[in-house]
Every structure is written in structure tokens, then in C-alpha cells.
Amino acid sequence: MKEFDTIAAVSTSLGEGGISIIRISGDRALEIADKIFKAKNGKSIIGMKTYTMRYGYIIDKDNEEIIDEVILSYMKGPRSFTAEDTVEINCHGGVIATNRVLKQVIKAGARLAERGEFTKRAFLNGRIDLSQAEAVIDIIRSKTELSMKAAIKQSEGTISREISDLRNKLLQLIAHIEATVDYPEEDLEEMTCNKVIEEIKNILEKINRLLKTADEGKMIREGLKVVIVGKPNVGKSSLLNALLDERRAIVTEIPGTTRDVIEEYINIDGIPIRLVDTAGIRETENVVEKIGVEKSKEKIEEADLVILMLDLSRKLDEEDEEVIDYIKNKKYIVLLNKKDLGRQIEKQEIDKLNSKYLVDISVKTGEGLEKIKSLIKDLFFRGEVKTEDIYITSNRHKEALIRAEDSLRSAEDVLCNVNAIDLASIDIRNAWSNLGEITGETVEEDIIDKIFSEFCLGK
């Protein structure tokens, strides 16, 4: 256990609500709470049993004024979230009541916690590893049930166990190599090379399996950014409204109605989709509309997927061709809208586009809208989102796996070409260290500080 001062913060969202929770953590937690808590039965809380609660009042210790009616709970370390003595004060919700109670806790001797400091202490005290700590913020920020499930699996240690297993295998290889170097015998080195190469291939296969889930995992965690583009008045805003099932964007027959970017989230089989409705891309002299067009082009560059809308009831023109050329190197779906008004676009006119991702739709009648969802799953999730898979959702984890893979391939190359097991051992050690960054066993302190600085206060 590490020695820290005692910290406090509001652990619930500030605003109107039934209750708020102020969390106090550290070896002086109970002592500090006792200074400002007056139990209904008049007893001191010093010595109260762990995992019990007391009903009473928070008072201003300077003048004995009652601040709020509360319930106080106590969890003795190391069997608490932070692995330290922890007190939680359940007071009435609301900004004023909550801040008045917190003010008394600070006056009694606690320090206001920094962002993520409670979870950071849980990590530094060895209750959770770094991967599990990162999952805490992912749970809080989850936008769908699937992203929540992936975060909970990570918080339970599924990724940690996979990484620990790989690191243990690498450690066994290092020990085997060192034994060979320390006690050389005839033909032993060649036999060790073959054994190590075989084991490295097995480990690389498992790393590759984890890496294959990284892109999907990132989308489950952060959402898929989908930009709707096309020339003015082809139905972009109507599509946004139809997918959201609400009137979010203004729709008129006047081209150029949408002047700015509109962003909303939808959920497709657990995948958070960030839909971006853009201004129509065309040449214009209108200053405001021109800014909107430039923003649209910026959003296309940032997009994971572009939905291009064309008006099926009209012939293609130069504006359509310009948008087609602009998106042809991106992942795209092309929606041929206004099917209910008849077909004017011939297939040969759009033969430069992949026919697999061309869909005739009518936003007005709803025909073809379900096809959009299946194409998104096909493009990014091989047609199916599997809830039982282990996903690598963090870029930090992905980068560490890639570095470990590079080190092992370098070791494999050395063993295959020069049979130099001592040189290969250096690369294997690097891979072991790279994987340790994921769980926090070999990560540098500044990276730890950066990770926890992204947490909310009180967590």
C-alpha cells in the first residue's frame, strides 16, 4: 500500500436529483467525517464497523449549524474501491446542498481530489491494473449497451488476463534462452532456436487475433463517424431525420437550407454511429453557404464512412460528379434517393462506384433504409457484431501490441537467419515490456498521469 493524503470529491453529477454522494478516501477519512457528522443516536463514528451506515447530519464544525440530513457509509481498506479507508456521504441532491457538504469536508482536513484520482489510487494500490482503470471511464462514457458490455469485460480483467498469459509465455522463453547461454552444450542452442521460433509464432498468432479486433473495438468505444454528403436538395437532412426518427434538421425545397454541420448519435446493433449532416457541396457566392461547404469537405476527410446521396429522379450533373470524385477514395455507401419519383440515372453513369454499395431508396416512403444498416455492419464488422468477442478498444493498447509484434518478428528473423539466441532475447524482452504497458506494469509515470487526467472529477 502507498501512503497518500486524504482526498474528497463529489462522485455524482452536479444538478437536481434525489441524492448526491461525496466520497472521502485516505487513512484519515473516518476521522475527518467524524468532525462534521452528528449521528442521530449521538454516537461517534470512530470505530464503526466496515460496510455499515449511519444516519445523521452534517454540521458546520465552527458554529454547529446543521448543513444537511445525510446517510454516511464506511468501507475499511483494503476492501474498498481505492483500497483505502473510504467514507461516502449521501446528502440531498442539488448544487447548493452538495457544495455546502463538500465545503465542510474540505474544512475538516480533506484535499479536493484531482481528476481520476480515486481510480488512480486503486491502480497504484494494486487493486486494479491500468487496463481495468481505463475501463472505468469507458463505462461512464458508453453510448450503447455493446460499448458498455465491452468496457465491463475489460474492467473485469478479460484483456488483462490475455496480456498476462502472453507475458508469462515470453518470460518462460527468456528463462529458457538464458539457461542455454549460461549452460552451453553441444547442439543445445540449435534445438533452443527451433523451440523459440515455434513459440514465437504461437504468440504472434494470439497478438494478431487481438489486433484484428482493434479497429472494431475503437468504433464500439468511440463510435463510427458517418458523414452524409451530396449536392443541395438531394435529401440529406431528410435522411438524418428518418434515421433519428425525429425532425432534427430543417427540411425545405429550397437548395442550401442546411448551412452548418449537424451531428447526432444513433445506435445500430450496439454500434454508436455519429451521424453528420453537411451543407450541400456546390459552387456558391453566398458567404455563409460557402463556409458550410468548406466545413462539409473537412468532415469528409475526418469520416470513417461517407454516405453519398444522389437524386435518382434527375440526371447526374457536374455538381454530382464533383462530389463523387471527392469521396471515391473513402469508404462509402451511395444512396440513390427519390426512387418513388422514377429513375433518371443509368447504371453506366455511376460505373466508377462499387455496385455492392449502391442502394436505391426513398426517404419519403422509408424504402431501403434498413439496407443502410446492414451495409455499415458489412463494411466495418464483417457483417455481424459479436457481443462475446474480446475487443481491443484503446489506441494505447493497439500501439503497444504493434510494438510487441514488431519486436517478436525481429527476434524471429534473428533466430531464423543467424541462430543468435542471445540477440533474439533482447527483442523478446522488448516485446514483454511493450505488453506490460497495457496493464501498467512497465508504463512510464507521465503516461499514467495523462490517462487519469482524462477522467471526470470524483472518479
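Student: Why does Ala83 count as buried?
Tutor: The model is a predicted one, and in it Ala83 has a relative accessibility of 4%; because buried means under 20% relative accessible area, Ala83 counts as buried. This residue lies in the loop between β5 and β6, and Ala83 has a positive phi of about 70° although it is not a glycine.

Student: Which residue in the loop between β4 and β5 has a positive phi although it is not a glycine?
Tutor: That is Glu64, with a phi of about 65°, and its place is in the loop between β4 and β5.

Student: What kind of peptide bond joins Gly77 and Pro78?
Tutor: The bond between Gly77 and Pro78 is cis, with omega at about 5°, and Pro78 is found in the loop between β5 and β6, the latter strand covering 86–92.

Student: What makes the contact between the side chains of Asp60 and Lys107 a salt bridge?
Tutor: The distance from N to O is 3.4 Å, and the criterion asks for a side-chain nitrogen of Lys or Arg within 4 Å of a carboxyl oxygen of Asp or Glu, so the pair qualifies. The two residues link distant parts of the chain, 47 residues apart, with Asp60 in the loop between β4 (52–59) and β5 (66–75) and Lys107 in helix α2, residues 95–107.

Student: How do we know whether Asp60 is buried or exposed, and what about Lys107?
Tutor: Asp60 has 11% relative accessibility and therefore counts as buried, the limit being under 20%. Lys107, at 35%, counts as partly exposed, because that class lies between the 20% and 50% limits.

Student: Why is the pair of Arg100 and Glu65 called a salt bridge?
Tutor: The closest N and O atoms of Arg100 and Glu65 are 3.2 Å apart, which is within 4 Å, so the pair meets the definition. This pair too links distant parts of the chain, with Arg100 in helix α2 and Glu65 in the loop between β4 and β5, 35 residues apart. Arg100 has a relative accessible area of 34% and is therefore partly exposed, while Glu65, at 36%, counts as partly exposed.

Student: What makes Glu117 and Arg121 a salt bridge, and where do they lie?
Tutor: Their closest N and O atoms are 3.4 Å apart, and the limit is 4 Å, so the term applies. Both residues lie in helix α3, residues 117–124, where they are four residues apart, or about one turn of the helix, and both are buried. Salt bridges that share partners join Glu117 and Arg121 with Asp5, Glu84 and Arg111 into one network.

Student: How many salt bridges does a search of the whole structure find?
Tutor: The search finds 23 salt bridges. As for the protein as a whole, its secondary structure comes to 15 helices and 13 strands, and 49% of its 459 residues count as buried.

Student: What is the average pLDDT of the protein?
Tutor: The average is 82, and 86% of the residues score at least 70. Over residues 249–259, however, the pLDDT is below 50, and this stretch has 30 contacts in the model beyond near neighbours in sequence.

Note on methods:
Residues numbered from 1 in each chain as written. Predicted model: local features only at pLDDT ≥ 70, side-chain atom pairs only at ≥ 80, totals over all residues. Heavy atoms only, no water. pLDDT = per-residue confidence, 0-100. Contact = heavy atoms within 4.5 Å. Buried < 20%, exposed > 50% of the residue type's maximum accessible area, 1.4 Å probe, protein only.
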